[in-house]
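Trainee: I'd like to go through this one with you and ask where the labels come from. Can we take it piece by piece?

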Amino acid sequence: MKYRHLFFDLDHTLWDFETNARETLQSLFHSNDLGSRGIADFNEFFERYSYHNERLWDRYTKGFIKQDELRWKRMWLSLLDFKIADEPLSRNMAVAFLEALPSRRNLFPYTIEILTYLKTKSYQMHLVTNGFETVQLSKLTHSGLLPFFGEVITSEGSNSLKPNKDIFDYAIQKTGASINESIMIGDNLDADIQGGINAGMDTIFVNHLNIKPHIKATYEIRHLKELEQIF
């Protein structure tokens, strides 16, 4: 076996963040009666949330903002786009969102099957994620993914963020792996693939969205089942 330790990203790679976030936000949309406050179309609200969330996550991963600012400002800015300047509502929705989101169980197709396949072949599997510690562990527990992974390395726990080399060094140290027998698997070219490259690891780009990559990974797949061709 060329590889012994497989390091997976979680959100957008295995755990379907988009679907889970949509379901959670739709529930909050109705429970807070945002329709009566001038937001007629939930899909439009979700589009604005997705835009601000992606932009703020980029700022967070680059160290420009802290966790709390990311958490509540994605709600604040989304509401502000509809002329709702209500900070208490934004903060309350941010808390409720993070309480409800981790209980969602939508995974990408073939997630359980591929992890079962890899486990039967005796690969050591771990997670390296920029998510928050308690949130990510809750996602893993509710979705049934936790038993597949030996170590769960978060940005919060490692005090570093992908693509910084430090989080991968921490992961290697914690798992007892070596770079040469390790590979990083994820959907984000800038965080997962560039991060793996920074650490000296081989990488697999999980191209769920069929985009043209601007960073070259060691391997590229479009469906998790294709991992069977590599391992």
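Mentor: Touching, or contact, means heavy atoms within 4.5 Å. Before we go on, this is a predicted model, where local features need pLDDT of at least 70 and side-chain atom pairs count only at pLDDT 80 or more, while totals for chains, interfaces and linings use all residues. Residues are numbered from 1 along each chain as its sequence is written, and side-chain values use heavy atoms, with hydrogens and water left out.

Trainee: Why is N130 called buried?

Mentor: Its relative accessible area is 8%. Buried means under 20%, exposed over 50%, and partly exposed in between, with a 1.4 Å probe and protein chains only. So N130, at 8%, counts as buried.

Trainee: What makes N130 and K162 a polar contact?

Mentor: A polar atom of the N130 side chain lies 2.8 Å from the backbone nitrogen of K162. The rule wants a pair of N or O atoms within 3.5 Å; within protein, one must be able to donate a hydrogen and the other to accept it, and residues adjacent in sequence count only if both atoms are side-chain atoms. The 2.8 Å distance is inside that limit. K162 also has a cis peptide bond to P163, with omega near 15°.

Trainee: Where does N130 sit?

Mentor: In the loop between β2 (124-129) and α6. Those labels are DSSP runs numbered from the N terminus: helices are H or I with at least four residues, strands are E with at least two.

Trainee: What about H142: what makes this residue partly exposed?

Mentor: H142 has a relative accessible area of 35%, so it falls in the in-between class. H142 is in helix α6, and its side chain reaches the backbone oxygen of S138 at 3.0 Å. Not counting residues up to four places away in sequence, H142 touches P102, S103 and R105. The C-alpha atoms of H142 and P102 are 7.1 Å apart, although the two are 40 residues apart along the chain.

Trainee: How do you know where the domains are?

Mentor: The bounds come from an automatic or database domain assignment, which gives domain 1 (5-16 + 107-229) and domain 2 (17-103). Their contact takes 15 residues from domain 1 and 14 residues from domain 2.

Trainee: What is the area buried between domain 1 and domain 2?

Mentor: About 1300 Å², with carbon and sulfur atoms giving 62%. Buried area is the accessible area (1.4 Å probe) that two parts lose on being put together, summed over both. W15, D16 and F132 supply 44% of what domain 1 buries against domain 2, more than any other three residues.

Trainee: Last one: why is K83 called exposed?

Mentor: K83 has 78% relative accessibility, so it is over the 50% mark and counts as exposed. K83 is in the loop between α3 (67-80) and α4 (87-100), with phi near 65°, a positive value in a residue other than glycine.
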